[in-house]
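Here is a short tour of one protein model. Keep the structure open as you read, and find each element as it comes up.

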Amino acid sequence: MMKKRIAELLLTAMLLASFAACGEAKPDSPTVTGADPSVSVNPEAEETAAPETEEVPFEAEVYDLGGRDIVVYMSGNWAFDDFEAEEMTGEALNDARYQTNTTVCDMYDINLRTDNHGGEASGGQGAGYKAITNTNMAGSTEYAFASVGCYDVSTLAYQGHILDLNKVKNIDLEKPWWDPKANEQLSVKGRMFYTTGDIGVLDNDCTYCILFNKQVATNFGLESPYDLVRENRWTYDKFIEMADTCDADLDGDGKFTNDDAYGILIWQDSVIGMLHASGGRCATINPDGTIELTLNTEQNVDVLTTWLTDRTKSFSYFLEAGTDDASHATFTGNRCLFYTRYLRAVSWFRDLEADFGILPYPKWTAEQRDFCNTMHAYGTSYVCIPLVAADVDETGAVIEALAYYGRMYITPAYYDVNLKGKYFRDEESADMLDLIFETRFFDVGMYYQLGGYNERVITMMQQNDTDFASMYAKNEKVANKLLSKINDAFAEMGN
Ligand SMILES: [Ca+2]
Ligand SMILES: [Ca+2]
């Protein structure tokens, strides 16, 4: 981490030097964090200095598309408004989207429209699956491209209904506006059927994180969690040790309720977040393109059993469905140290007086190479192109441009919105956001819902069940059966 950060700073310094030499310093060049660029040119600067975003040229073709409509089909379990902005409103994210859209529309002479089915069920054969398979079958080219819910888009991929983005002219997934870890972890024999990156913010909102209440940390004289992250001491054991100092039966009634104090407010899906944070995956795509079930490793069993057990301890407050406001009061009322959720939660609290920061999920041990932060499969949607599509070169260029300008406008706006509190700006969390996005993690085993493990571990969480081994064994056969079908389908696509 340290080495990488210094390398980035050096690179940034070199780039800035070369811009200066050419007399091309661009005052409006985008920064990921909005930090003062003069801070990051100094390699001696503290590690907290946020690196300037590297300037990378846009290299896709620019076409004159004669005012044609480009319709984006959108679906997924969460409602979302990526690609949508009708006018400038003063709201940072809306305006960044508007700026992105108008720039790309002018550049290509297109009319960008959406057909938004966000919030409709996406369970593998949901709205997005049906829409894309139906248009393919009808030979319709109504949708230029799509953003489809995770469970649906992964089904579309193995059934051959969407294009390999690596073969689309004008899309270059190696560019920094696309997620590099997605390339690494979602490729099947070099094919990439769907991806994500700066093109939207739904994926950001669905990214798991841990919020921590700064007042509670101060009250208990705890170490700065930001320092722990920087010093590679932010581990699962440290996380639990800190949580375990903060619980108290405040009203002395012998029960733990909304009125008491806790170490961790726990969201049920955190069970998947914790597995992924340790580097464990339900399934892994091997270099030969075959997908393998990798859930039942010694370490994964250890991680899951430990977290499922810690969830039952008195420092843990399990968030029951539908009681968010009452449960959140423990966090916003400075009676809870950590809250395991996703980045969307930041927007719920920034207007409140509670002073909180953003952290990655902890490493399982300090020996683990990287932090690993996953995205919420249920809520995320991915960009894809239907198999039956017209003018794919042109569509590819438009998609590439939306992602390029998304990096310039949308991602910085996302940082601004999520770091800006009522009374202060949380600059240290900017570094954490960088880290979280850089280390994002993809697990197709969850997307394909192999063995229903994605839901079953959550049910275990709800039911205080800690016997992972039995649950795993009961569902392994079903998991492998579906996996064979998927592997056969990908194998049939040849090389
Ligand atoms: Ca994004
Ligand atoms: Ca009590």
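**The whole protein**

This is a predicted model. The protein holds 19 helices and 13 strands. Of its 495 residues, 47% are buried.

**Helix H4 and its surroundings**

Start with helix H4. H4 has 12 residues. From its first C-alpha to its last, H4 reaches 16 Å, close to the 16 Å expected at 1.5 Å a residue. Just after H4 comes Gly 139, with a positive phi of about 70°.

Which residues of H4 are buried? They are Ala 127, Gly 128, Tyr 129, Ala 131, Ile 132 and Thr 135. Their cover includes strands S1, S2 and S3, along with helix H5.

Two packed helices are described by the angle between their axes and the distance between the axes. For H4 and H5, the axes come within 7 Å and cross at roughly 35°. On the H4 side, the contact involves Gly 128, Tyr 129 and Ile 132. On the H5 side, Asp 152, Val 153, Thr 155 and Leu 156 take part. By class, this contact has four nonpolar, two polar and one charged residues.

**The five-stranded sheet**

Now move to an open sheet of five strands. Its order is S8-S5-S9-S4-S10, and the pairing is mixed. Which strands form the edges? They are S8 and S10, and each pairs on one side only. From one strand to the next, the twist averages 25°.

Look at S4 beside S10. These strands run antiparallel, and four bridges join them. Within this pair, Ile 210 stands opposite Leu 359 in S10. Helix H16 lies across S4 and S10, at about 25° to S10.

**Where to find the elements**

| Element | Residues |
|---|---|
| Helix H4 | 127-138 |
| Helix H5 | 150-158 |
| Helix H16 | 427-438 |
| Strand S1 | 68-76 |
| Strand S2 | 110-118 |
| Strand S3 | 145-149 |
| Strand S4 | 208-213 |
| Strand S8 | 316-318 |
| Strand S10 | 356-359 |

Key:
Residues numbered from 1 in each chain as written. Chains lettered and ligands numbered in written order. Predicted model: local features only at pLDDT ≥ 70, side-chain atom pairs only at ≥ 80, totals over all residues. Axes fitted to C-alpha atoms, helices over the stretch in contact; angles between N-to-C directions. Helix = DSSP H or I, 4+ residues; strand = E, 2+ residues; numbered from the N terminus. Contact = placed C-beta atoms within 7 Å. Nonpolar A, V, L, I, M, F, W, Y, C, P; charged D, E, K, R; others polar. Pairing = 2+ DSSP bridges. Expected span 1.5 Å × (residues − 1). Buried ≥ 20, exposed ≤ 12 C-beta atoms within 10 Å, placed from the backbone.
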